[in-house]
Amino acid sequence: MAESTAASITDQKAKGKLTVYIWDMDETLILLKSLLNGTYAEAFNGVKNVQEGVEIGKMWEKHILDLCDNYFFYEQIEDYNKPFLSLLSEYDDGRDLLSYDFNQDGFGSLDDDANKRKLAYRHRIIAENYKKGLNGVLDQELMKQWDELYNMTDKYTDGWLSSARTFLAECSAGKEETSVATADGITDSAASKSQHVNVLVTSGSLIPSLVKCLLFRFDNIITHENGTFLSI
């Protein structure tokens with residue numbers, strides 16, 4: 001991660017002012033653990049219904065796990081966590097994966113280059129699905145369920161989720177009125193030539209953390225590229 005991010009930052013310095021934001025995901029940008037164990041509601045000394053928060057947390061947990069397994073190969077690669085998706089990109093030979101059978105390719109321990117290549121293939125598909133966003137991978141019914149859960153959670157937490165997203169977006173956009181957000185997460189203003197890099201740090205595994213980014217609506221602000229998403 002250090003080499004990748006350092007290279008990105010060095011490149012951007014040459015173009016103008018660079019601002020790097022380092023964000024803590026867990027219990028800062030998002031809430032999950034404190035909902036599941038009830039500590040979020042308990043902090044309000046009886047004002048909030050603890051069980052309601054726990055049930056909301058369980059629904060989030062289900063959505064996260066379903067998305068991980070169905071679209072992000074989590075069941076296959078859970079034991080091979082990496083800090084970011086591009087770590088094994090050197091092993092990806094660019095093969096067309098349209099008809100590739102990920103269930104029959106014999107993927108296993110990363111003791112050899114062949115299995116590292118198979119993991120790199122999976123990382124490529126994961127990156128593509130992340131770029132598509134939820135609208136690109138979920139059907140209308142699942143999108144409706146997710147929207148309802150997000151809004152329910154935001155109401156229960158007094159706008160925690162939407163406030164975190166708004167703050168993240170405002171910091172990423174900078175103070176300039178005219179700015180363009182590029183695909184690599186860098187915001188370039190024609191007026192000041194300032195760039196913004198978001199680095200998201202989490203103690204969770206990479207795939208569930210990427211899925212949380214999608215479900216909590218950070219994917220158009222936090223990219224997976226250039227080491228800007230770090231699972232530690």
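**Close-up views of a predicted model**

Asp24 has its place in strand β1 (residues 18-24), where helices (H or I, at least four residues) and strands (E, at least two) are DSSP runs numbered from the N terminus. This is a predicted model in which local features need pLDDT of at least 70 and side-chain atom pairs count only at pLDDT 80 or more, while totals for chains, interfaces and linings use all residues. Residues are numbered from 1 along each chain as its sequence is written, and side-chain values use heavy atoms, with hydrogens and water left out.

**View A. The annotated site at Asp24 and Asp26.**
An unreviewed UniProt entry carries the annotation "binding site" for Asp24 and Asp26; such positions are given in the numbering used here, feature names are shortened, and annotations may be inferred rather than shown by experiment. Asp24 is partly exposed, with a relative accessible area of 40%. Here, buried means under 20% relative accessible area, exposed over 50%, and partly exposed in between (1.4 Å probe, protein chains only).

Most residues other than glycine have a negative phi. Glu27, in the loop between β1 and α2 (33-36), has a positive phi near 60°. For Phe73, in the loop between α4 (50-71) and α5, phi is also positive, near 55°. Take a look at their cover too: Glu27 is partly exposed at 29% relative accessible area, whereas Phe73 is buried at 15%.

**View C. Helix α10 and the residue Arg217.**
All 10 of the 10 residues of helix α10 (residues 206-215) are buried, so this helix is largely enclosed by the rest of the structure. Among them are Leu206, Pro208, Lys212 and Cys213. Following α10 comes Arg217, with a positive phi near 70°.

The whole structure holds eight salt bridges, each being a side-chain nitrogen of Lys or Arg within 4 Å of a carboxyl oxygen of Asp or Glu. One of the eight joins Asp158 to Lys48, with the closest N and O atoms 3.1 Å apart. Asp158 sits in the loop between α8 (140-156) and α9 (160-173) and Lys48 in the loop between α3 (39-42) and α4, so the pair ties together parts that are 110 residues apart in sequence. Asp158 is exposed at 55% relative accessibility, while Lys48 is buried at 14%.

Lys62 and Asp66 meet through their side chains at 2.8 Å, N to O. Four residues apart in helix α4, Lys62 and Asp66 are separated by about one helical turn. Lys62 is exposed at 54%, and Asp66 is partly exposed at 33%. In the salt bridge of Arg124 with Asp92, the closest N and O atoms are 2.8 Å apart. This pair links distant parts of the chain, with Arg124 in helix α6 and Asp92 in the loop between α5 and α6, 32 residues apart. Asp92 is partly exposed, at 22% relative accessible area.

**View F. A negative surface patch.**
Asp69, Glu75, Glu78 and Asp79 form a negative surface patch. Patches are made of residues with over 30% relative accessible area and no salt bridge, with like charges joined within 9 Å and nonpolar side chains (Val, Leu, Ile, Met, Phe, Trp, Tyr) within 5 Å. Asp and Glu count as negative, Lys and Arg as positive, and His and the chain ends are not counted. Asp79 lies in the loop between α5 (74-77) and α6 (113-132) and is exposed, with a relative accessible area of 69%.

Methods: Areas by Shrake-Rupley, 256 points an atom, 1.4 Å probe, with all protein chains shown as cover. Charge placed at Lys NZ, Arg CZ, Asp CG, Glu CD.
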